[in-house]
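Trainee: Please take me through one part of this structure closely, namely one place where two of its elements pack together. I would like to know what surrounds that part as well.

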Amino acid sequence: MVPLAGTDKPKEVLQMKKNNGLDAGALARNAFLLLLVVLISFVPPPLMLKWHLGIKIFLGVAFLAVWLSRRALFFQRADLPLWIFLFALSLNVYFAQDKAVALRFYGNLAIPLLLVYYSVSITLRSQERFELFAKALCVCSLLVSLLGIIETLWAYNPIYEHWVENKYYLRYGVGVLRPTSTQFNPTPLGGYLLGCVPFCFYLLKRAQGFWRPLAAASLALNIAVIILTFSRGSFFGLMIMAVFYLIVEREYLKTLLFSLAVAAFILLMSYMPHPFD
């Protein structure tokens, strides 16, 4: 077949269509990552439970689309911690008195976790997309932390004042207020921000221009709100994260000094008056 004058060659047309398909696929994967970060960051758990069917459909469609485009393998060595965690969690079903209820709760946790894990891990194999994911978490966690600071200083959170009923918001609003921000409870808030800290730190070390001071501000506020949640697990995780980084960087003296400072801080706080009395 001879191409007409003034038209693209067949090979060029095929390459153009292929590039357009790749661009559309990349745009869809970017949109999925951004929507997922916004969903996790700003939608409180009661609304997620209310919209659970739609969220599961969204995650299922995203997982199938990502998997079909990449044909990734399951049960790789890097996935072992996830499967160990899910197996350990499944033991609760066996020992529960009401196994039907326990199984339902396990499914509501395990299925979305699997879908999110594989969808995100496959999608983030691109360096450019990983940086997009890190920037989205940096911006969203900054906003979540700002709301937590406002809630601590002024005992006011518009989400639970006007739109979503939250018994924890009333419970922790006495004495030294523990922020809940968008995460409904201080403990999940600490866990969410703890997961965002490495991405903010990554941008602080690697990003250029505007993103570097933004990452520094987000990192500082995230750490501050983690401490304000008074969550022992989040605080312990933050300390382990810092010690691990210092050891990897072979800053052994700083590791020792930091560990001693944390131990002294814990001892000091142990003898301080209880702030919630």
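**A close look at one helix pair**

Mentor: Start with how the chain is connected: among contacts between residues at least 6 apart in sequence, 67% join residues at least 24 apart. Keep in mind that this is a predicted model. The protein chain has 12 helices and 0 strands, so its elements, read from the N terminus, are α-α-α-α-α-α-α-α-α-α-α-α. Of its 277 residues, 34% count as buried. The chain exposes about 17800 Å², and 71% of that area comes from carbon and sulfur atoms.

The part to look at is the packing of helix 6, residues 127-154, against helix 9, residues 186-206. An angle of over 145 degrees would count as roughly antiparallel, and 65 to 115 as roughly perpendicular. The crossing of helix 6 and helix 9 is left-handed.

Now find the residues that touch. Helix 6 contributes Gln127, Phe130, Glu131, Phe133, Ala134, Lys135, Leu137, Cys138, Cys140, Ser141, Val144 and Ser145. From helix 9 come Leu189, Tyr192, Leu193, Cys196, Phe199, Cys200, Tyr202, Leu203 and Arg206. Sorted by class, the residues of this contact are 15 nonpolar, 3 polar and 3 charged.

Ser145 lies in helix 6. Buried means under 20% relative accessible area, and Ser145 has 0%, so Ser145 is buried. Apart from its neighbours within four places in sequence, Ser145 is in contact with Leu193, Leu221, Asn222 and Val225. Of these, Leu193 is one of the residues that helix 9 brings to the contact.

For a second pair to set beside this one, take helix 4, residues 80-95, and helix 5, residues 99-123. Their axes are 9 Å apart, at an angle of about 170 degrees. That angle is over 145, and helix 4 and helix 5 are therefore roughly antiparallel to each other. Their contact includes Trp83, Phe85 and Leu86 of helix 4 and Tyr106, Leu109 and Leu113 of helix 5, among others. By class, this contact has 16 nonpolar, 1 polar and 1 charged residues.

Key:
Residues are numbered from 1 along each chain as its sequence is written. This is a predicted model: local features need pLDDT of at least 70, side-chain atom pairs count only at pLDDT 80 or more; totals for chains, interfaces and linings use all residues. Side-chain values use heavy atoms; hydrogens and water are left out. Axes are lines fitted to C-alpha atoms, for helices over the stretch in contact, and angles run from 0 to 180 degrees between N-to-C directions. Helices (H or I, at least four residues) and strands (E, at least two) are DSSP runs, numbered from the N terminus. A crossing is left-handed if the near helix is turned anticlockwise from the far one by less than a right angle, and right-handed if clockwise. Contact means heavy atoms within 4.5 Å. Ala, Val, Leu, Ile, Met, Phe, Trp, Tyr, Cys and Pro count as nonpolar, Asp, Glu, Lys and Arg as charged, and the others, Gly among them, as polar. Angles under 35 degrees count as roughly parallel, over 145 as roughly antiparallel, 65 to 115 as roughly perpendicular and the rest as oblique. Buried means under 20% relative accessible area, exposed over 50%, partly exposed in between (1.4 Å probe, protein chains only). Accessible areas come from the Shrake-Rupley method with a 1.4 Å probe; for residues, only the protein chains shown count as cover.
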